[in-house]
Amino acid sequence: MKNHGRLRWNGWGRLGESFLATRARERAVLEELRTLLGRDPAPRREPAALDDVRLPPCKLAPEVLAALRAACGEDGVRTGVEERATHAAGKSLPDLLRLRRGEIERAPEVVVYPPDEGAVASVLRLAGEAGFAVVPFGGGTSVVGGVEPRSAPGQTGAVALDTARLDQLLRLDPESGTATFQAGIEGPDLERALGERGFTLGHFPQSFEHSTLGGWIATRSTGQLSNAYGGIERMLVAARVVTPRGVLRMPAVPRSAAGPDLNQLVLGSEGVLGVITEATVRVRPAPTVHDYRAVLFRDFEAGVATIRSVVDAGLPVAMLRLSDAAETEVGLRLRRDPTRRFDAASKLLGALERAGFGAERALLVYGVEGRDRARVRRDASRVRSLARRHGGLSLGRGPGRSWRRERFRTPYLRDWLLDHGLAVDTFETAVPWSQVTAAHEAVRRALDGALERHAGAGLAMAHLSHSYTDGACLYFTALWPLDASAELEQWTAIKHAATEAILAAGGTLSHHHGVGVDHLPWIGREKGALGIDALRAAKQSLDPGGLLNPGKLL
């Protein structure tokens, strides 16, 4: 079971880890941000200590707690402040703003760790009898308020059901290329179990180190290497879901025409229909060759054209990630190492600017993986050839290796920025190819205006992160100085502007972050009234008492 004592209760990841490894780099980054924002960052602000957090005592009756202990074991029922605070929020910006102030508006009455599927069913039965909500909790990495412990009117409170003890590989079928896991297994443990047997799932979201298989399914997640492996919906063969009315089972077969696929009902369900306890997924032989490189383009549009060419040609790439001019510039500035007397990369980029790769330049990082070195080399070469047709200049393996080395570390930067009074948040969508350029410009323009109006300054940037035959995901990042007296009001206004611009540009409300609380006001715009009615009917059928994750998705 995961050790919460090693994790930040009010930030990202493990204690003692950071994105910026040295004081010299921290000073250099602050100087770059001062230049980019045109103002000095705020003095360092220390977040509240856990010892300063005060939570009301658990409201559940002693006999209910005793029944939960009978189901989950003595160590599987916890009411301490640290445990409850750790399960009081996810990792969205508003979550962290509240937690860093030591303000926990809602905390679970208790945190339970069921050891098996039967215990999960017992917790749901007790919830129905005692009138409390149950919030399924995997890694707690939701960035849209998906694990906030809300309760519905008339309920005693909310209980966090942590799936950490459901963390085993149950079966591997190498002939069929499938594996069955308990759903609470975290990414590194899942890949380790498969890697020891020569396989991989290939699902690597940025939250990989701390998120779970059940969470990936419940949020309809996609990983950084989706060009090769697809999103979790392509990987899922079958799931087992414990609902208040019983266990919902899907058959573990390659395909079925026996009516609508119930897997699709579970994918993206965000814990409102049941608790995912087990899943069978498609796995592949683990690649032994990894070739990651970068190409620089004169502008974002040339990079987009290259990605479309690669996708149309059917090249077996693992990843294509294109940063626009703003993100390229910020990335280059933040990666400069002041301890180096001679910065070869900066000198090279200076020369390239004189060669026409100037203010609008855009950086593409791409990767090819496999088990045949010659084939990987050939496919990587074909990508470079297509890039050259669009004016791209190869930068070699260095930037690709850097991206691969640091790809799970970027979220640590957010905590450091908050320490210095700077907020950063992300907004993502997917649009057809015919709307990519217009959507990119429209959302960037909306963010620029919102940052100026509500923060007085800020940076808006984007990258194209996942690509398909018919379109792509655009992933926007905004950074702004916080107003200590109106932090949540700032975020709300900026979030509203970005989301309205995304929908006006024809994009989806979310490509992979999900709905949770933060996107709930707009869900009807995407699904339509009849679609929402259909989802509510499924909720009523599986969870008629409204026990599961109230206030999310529906």
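In the predicted model, the buried positions of helix H11 comprise Phe300, Ala302, Gly303, Val304, Thr306, Ile307, Val310 and Val311. The helix covers residues 300-313, 14 residues in number, and extends 20 Å from its first C-alpha to its last, close to the 20 Å expected at 1.5 Å a residue. Its N-terminal end is capped by Asp299, a side-chain oxygen of which is placed 3.3 Å from the backbone nitrogen of Glu301. Just after H11, a positive phi of about 70 degrees is adopted by Gly314.

Strand E8 (residues 236-243) was examined next. Of its 8 residues, 7 are buried, so the strand is largely enclosed by the rest of the structure. E8 is paired with strand E10 (residues 275-282) through 6 bridges, the two running antiparallel; in this pairing Leu236 stands opposite Val281 of E10. An antiparallel arrangement is also found between E8 and strand E9 (residues 246-249), which are joined by 4 bridges.

Two or more lining residues are contributed by each of helix H10 (263-266) and helix H19 (523-542), and H19 gives the most, with 5 residues. When the lining of this pocket is divided by class, 13 residues are nonpolar, 12 are polar and 5 are charged.

Cavities of 30 Å³ or more number 4 in the structure. The second largest cavity holds about 50 Å³ of space. Its lining is formed by Ser92, Leu93, Val143, Val144, Asp425, Thr426, Trp491, Lys495, His513 and Asp518. The elements that provide two or more residues to this lining are strand E16 (422-432) and helix H18 (487-504). By class, the lining of the second largest cavity comprises 4 nonpolar, 3 polar and 3 charged residues.

Methods. Residues numbered from 1 in each chain as written. Predicted model: local features only at pLDDT ≥ 70, side-chain atom pairs only at ≥ 80, totals over all residues. Heavy atoms only, no water. Expected span 1.5 Å × (residues − 1). Buried < 20%, exposed > 50% of the residue type's maximum accessible area, 1.4 Å probe, protein only. Polar contact = N/O pair within 3.5 Å; in protein donor to acceptor, adjacent residues only side chain to side chain. Nonpolar A, V, L, I, M, F, W, Y, C, P; charged D, E, K, R; others polar. 1 Å grid on protein atoms, 1.4 Å probe; cavity = no way out; pocket = protein on both sides within 12 Å on 5 of 7 lines; lining within 4 Å. Points joined across faces, edges and corners; volume = space filled by probe spheres on them. Pairing = 2+ DSSP bridges.
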